[in-house]
Amino acid sequence: MSFYENEHIDGHAVELMCADLMRQRGYTILTQNYRYGYLELDLVVMDKSTLAFVEVKARKSLGELRDLETLIPPSKQLNILEASEAYLRDRQGGKGLHYSAIRYDYLLVYFPP
């Protein structure tokens, strides 16, 4: 699997890899690339009884991954929150799911150039 499209990292390929890795570590993948209008959730997973919304970010520079405020600014955080609320109301998504807690995770991936 190639993670590069020309010079850019292929975000979809990275999300597939992350979903695979999480599955291997015991997570149940519920949804990949959930869309609500222009908003998107990269991964929705279950970690035992905890529902987790996972934002995946991949960069070629380690420095970029250290700056969470730039990677995932407050406006993006609000978008994730709004999309997760829509997911929980969605009949095809989270409506009817049983969970004891909800959390929001960031999965940061470094791809050296």
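Colleague: How many residues lie between β3 and β4 in their hairpin, and which glycine in the turn has a positive phi?

Modeller: This is a predicted model. In it, two residues separate β3 from β4 in the hairpin. The turn holds glycine 37, with a positive phi of about 60°.

Colleague: What makes β3 and β4 count as a pair?

Modeller: The cut-off for pairing is at least two bridges. Strand β3, residues 28-36, has seven bridges to β4, so the two strands count as paired. Their sense is antiparallel.

Colleague: Why is asparagine 33 called partly exposed?

Modeller: Its relative accessible area is 22%. Buried means under 20% and exposed means over 50%. The value for asparagine 33 falls in between, so the label is partly exposed.

Colleague: What makes β4 a mostly covered strand?

Modeller: Strand β4 spans residues 39-47, and nine of its nine residues are buried. Each of these nine has a relative accessible area under 20%, because that is what buried means.

Colleague: How do you know that β4 also pairs with β5?

Modeller: Five bridges join β4 to β5, which covers residues 50-59. The requirement is at least two, so this is a pair. The strands run in the antiparallel sense, and methionine 46 has leucine 51 of β5 opposite to it.

Colleague: Why is lysine 48 called exposed?

Modeller: Its relative accessible area is 79%. Exposed means over 50%, so lysine 48 gets that label.

Colleague: And threonine 50, why is that residue called buried?

Modeller: Threonine 50 is part of β5 and has 16% relative accessibility. That is under 20%, so threonine 50 is buried. Beyond residues up to four places away in sequence, threonine 50 touches Val45, Ala101, Ile102 and Arg103.

Colleague: Why is lysine 57 called buried, and which residues is it in contact with?

Modeller: Lysine 57, another residue found in β5, has a relative accessible area of 14%. The limit is 20%, so lysine 57 is buried. Setting aside neighbours within four places in sequence, its contacts include Leu65, Leu71, Ile72 and Leu107.

Colleague: What makes the side chains of lysine 57 and glutamate 55 joined by a polar contact?

Modeller: The distance is 3.5 Å. A polar contact requires a pair of N or O atoms within 3.5 Å, so this pair qualifies.

Colleague: Why is β5 described as largely enclosed?

Modeller: Nine of its ten residues are buried, so the rest of the structure largely encloses β5.

Colleague: How do you know that β5 and β6 are paired?

Modeller: Ten bridges link them, against a requirement of at least two, so they are paired. These two strands run parallel. Valine 56 has leucine 107 in β6 as its bridge partner.

Colleague: How many cavities of 30 Å³ or more does a search of the whole structure find?

Modeller: One. The largest cavity has a volume of about 40 Å³. Its lining includes Leu41, Phe53, Ile80 and Tyr104. Strands β4, β5 and β6 each give at least two residues to that lining.

Colleague: Which classes of residue make up the lining of the largest cavity?

Modeller: Six are nonpolar, three are charged and none is polar. Among the lining residues are Asp42, Glu55 and Asp105. Asp and Glu count as charged, so these belong to the charged class.

Conventions:
Residues are numbered from 1 along each chain as its sequence is written. This is a predicted model: local features need pLDDT of at least 70, side-chain atom pairs count only at pLDDT 80 or more; totals for chains, interfaces and linings use all residues. Side-chain values use heavy atoms; hydrogens and water are left out. Buried means under 20% relative accessible area, exposed over 50%, partly exposed in between (1.4 Å probe, protein chains only). Helices (H or I, at least four residues) and strands (E, at least two) are DSSP runs, numbered from the N terminus. On a 1 Å grid over the protein atoms alone, a cavity is a set of points where a 1.4 Å probe fits but cannot get out, and a pocket is an open set with protein on both sides within 12 Å along at least five of seven lines; lining residues have an atom within 4 Å of a point. Grid points are joined across faces, edges and corners, and a volume is the space filled by probe spheres set on the points. Contact means heavy atoms within 4.5 Å. A polar contact is a pair of N or O atoms within 3.5 Å; within protein, one must be able to donate a hydrogen and the other to accept it, and residues adjacent in sequence count only if both atoms are side-chain atoms.
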